[in-house]
Amino acid sequence: MKYESTRGGCPQQNFEQVLLTGLAPDGGLYVPTELPHFSLEEIASWRELSYPDLAMKVITPFIGDEIPTADLRNIIEDSYAAFNHPEVAALESLGNEEYVLELFHGPTLAFKDFALQVLGRLLDYVLSKRDQRVVILGATSGDTGSAALEGCRHSDRVDIFILHPHNRVSDVQRKQMTTVTGNNVFNLAVEGNFDDCQRIVKAAFADQSFLEEDRQLVAVNSINWARILMQIVYYFSASLRLGGPDRKVSFSVPTGNFGDIYAGYLAKKMGLPIDQLIVATNKNDILHRFIANNDYSVSELAKTHSPSMDILVSSNFERFLFDVFDREGAAVADLMAKFGKELRSVSDAHWQRVSAIFDSAAIDDETTCAVIASVNAESGMLLDPHSAIGVEAARRCRRDPSVPMVTLATAHPAKFGDAITAAGLASPELPAHLTDLFDREEHFSVVANDLHAVTDYVKAHARR
Ligand SMILES: *Cc1c(COP(=O)(O)O)cnc(C)c1O
């Protein structure tokens with residue numbers, strides 16, 4: 001399988017090359033040049049497969065013969081053996097054909113484990129074959145950091161540096177990052193905010209001359225194609241358990257950087273019968289405004305109970321816009337230079353393509369807490385604030401009550417205890433493997449809000 005940049009300004013790459021990088025050199029994101037398409041008969045034949053076997057069916061066409069099947073299977077099986085639930089992605093019913101797909105049974109209690117457990121192992125495999133080492137550099141305001149550290153801490157050939165804004169992440173989130181141990185794992189607390197961390201990471205990727213000659217930086221946020229790829233699988237898994245592909249299923253997805261919902265869009269294009277795809281946002285609602293009203297104006301960042309969705313501009317949206325603009329890289333490059341700034345809408349014809357595919361809703365904090373409380377009262381289920389936004393958006397946007405509606409539950413409620421107590425409920429307990437989290441020793445270094453402070457640190461600590 002070949003991959004191309006959404007901005008059309010650089011050569012095509014194979015899976016391995018795309019895995020080992022971040023943005024394309026022209027500033028775009030890599031997407032497959034064509035998608036595999038599965039027939040209904042073929043999808044139906046997957047009904048009895050285990051989660052790892054299903055994953056193999058879905059992802060193999062994207063990797064082609066670059067990784068031998070037996071090796072890929074080992075990586076996938078090993079990755080999902082790290083999950084705490086026999087189904088890996090657990091499907092729970094709320095009644096009335098409403099379902100919640102629990103994606104938080106991985107080591108760090110958020111859906112990001114689905115991709116990052118695989119990514120760490122894939123990197124190690126590919127790098128061993130190439131006899132190469134890389135440096136992962138990423139910024140996090142929340143769940144990505146811990147999932148990436150947990151996914152890569154056994155990777156011999158990876159040194160991983162994760163930046164977080166000093167004193168500005170929640171205690172659970174910080175502890176989940178800073179208690180990960182390994183001689184290749186480095187947490188940097190930057191004396192700035194999340195945007196400062198992101199700016200530093202971006203600048204380091206743009207000029208990697210601080211690294212030793214045979215090293216390169218690899219991204220672990222959802223601009224990395226491998227993350228999107230692994231998230232396509234659970235849409236198939238949920239559908240097959242609800243009577244698909246003979247029957248359509250709808251999905252509501254708590255959305256930040258548009259990675260998770262984009263994976264659902266790809267599943268649909270690959271042949272999975274999906275009815276509605278609902279983009280659920282919090283007060284940071286640029287995607288909702290665009291989908292509902294063709295209004296793509298960037299506003300101020302609001303801090304909410306669902307911090308993993310506190311994002312002003314969603315990086316993966318560009319991957320979808322590439323399709324909307326007929327896969328013309330030059331048109332996307334031109335759009336991205338202005339979009340959200342002097343240009344705040346697209347032509348009516350382009351916008352109708354967007355609104356034909358997605359529904360959307362924006363849910364405020366007060367409603368989020370009310371939903372956490374009411375769902376708990378109705379069913380006993382405790383939703384985290386991100387998942388509660390998904391459930392409420394599903395209820396607002398649902399067109400056909402006979403079509404199963406699946407909300408992706410993106411995090412375990414114990415990660416966001418403040419929102420749960422704000423909803424008037426008792427703060428939930430962490431699962432067994434994390435009950436001693438607050439007693440574990442933390443490791444992190446505080447660094448100045450400065451590019452060179454960070455690159456000097458990386459240079460000094462990356463293993464030879
Ligand atoms: C990352 C994250 C999201 C947003 O996912 P995107 O792929 O960025 O849209 C939603 N909820 C939780 C809990 C997350 O960690």
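How many helices and strands does the chain have? The chain has 18 helices and 14 strands, where helices (H or I, at least four residues) and strands (E, at least two) are DSSP runs numbered from the N terminus. The model is a predicted one, in which local features need pLDDT of at least 70 and side-chain atom pairs count only at pLDDT 80 or more, while totals for chains, interfaces and linings use all residues. Residues are numbered from 1 along each chain as its sequence is written, and side-chain values use heavy atoms, with hydrogens and water left out.

The overall form comes next. Along the principal axes, the C-alpha atoms fill a box of roughly 60 × 50 × 50 Å. Of the 464 residues, 59% are buried; buried means under 20% relative accessible area, exposed over 50%, and partly exposed in between (1.4 Å probe, protein chains only). Among contacts (heavy atoms within 4.5 Å) between residues at least 6 apart in sequence, 75% join residues at least 24 apart.

The interior can be described through its nonpolar cores. A nonpolar core is a set of buried Ala, Val, Leu, Ile, Met, Phe, Trp, Tyr and Cys residues joined through side-chain atoms within 4.5 Å. The largest one has 106 residues, and those with the most contacts inside it are Trp225, Ile232, Tyr234, Phe236 and Phe251. Helix 9 (residues 225-241) gives the most to this core, with 12 residues. Apart from this core lies another, of 20 residues, among them Ile200, Ala204, Phe210 and Ala462. Leaving aside residues up to four places away in sequence, Trp225 touches Tyr3, Phe15, Val18, Tyr30, Pro32, Phe62, Tyr262, Leu266 and Arg319.

Two strands pair if DSSP finds at least two bridges between them. Five strands form an open sheet in the order 9-6-7-8-14, with parallel pairing. At its edges are strand 9 (217-218) and strand 14 (445-447), each of which pairs on one side only. Strand 7 (residues 158-165) and strand 8 (residues 185-190) run parallel and are joined by six bridges, with His164 having Ala189 in strand 8 as its bridge partner. By contrast, strand 4 (residues 90-95) and strand 5 (residues 98-102) run antiparallel, joined by five bridges. Here the bridge partner of Glu92 is Val100 in strand 5. Two residues lie between the strands of this hairpin, in which Asn96 takes a positive phi near 55°.

Glu318 lies in helix 12 (residues 317-324) and counts as buried, at 3% relative accessibility. The side chain of Glu318 makes a polar contact with the side chain of Thr6 (2.7 Å). A polar contact is a pair of N or O atoms within 3.5 Å; within protein, one must be able to donate a hydrogen and the other to accept it, and residues adjacent in sequence count only if both atoms are side-chain atoms. Gln198, in helix 8 (residues 194-206), is partly exposed, with a relative accessible area of 36%.
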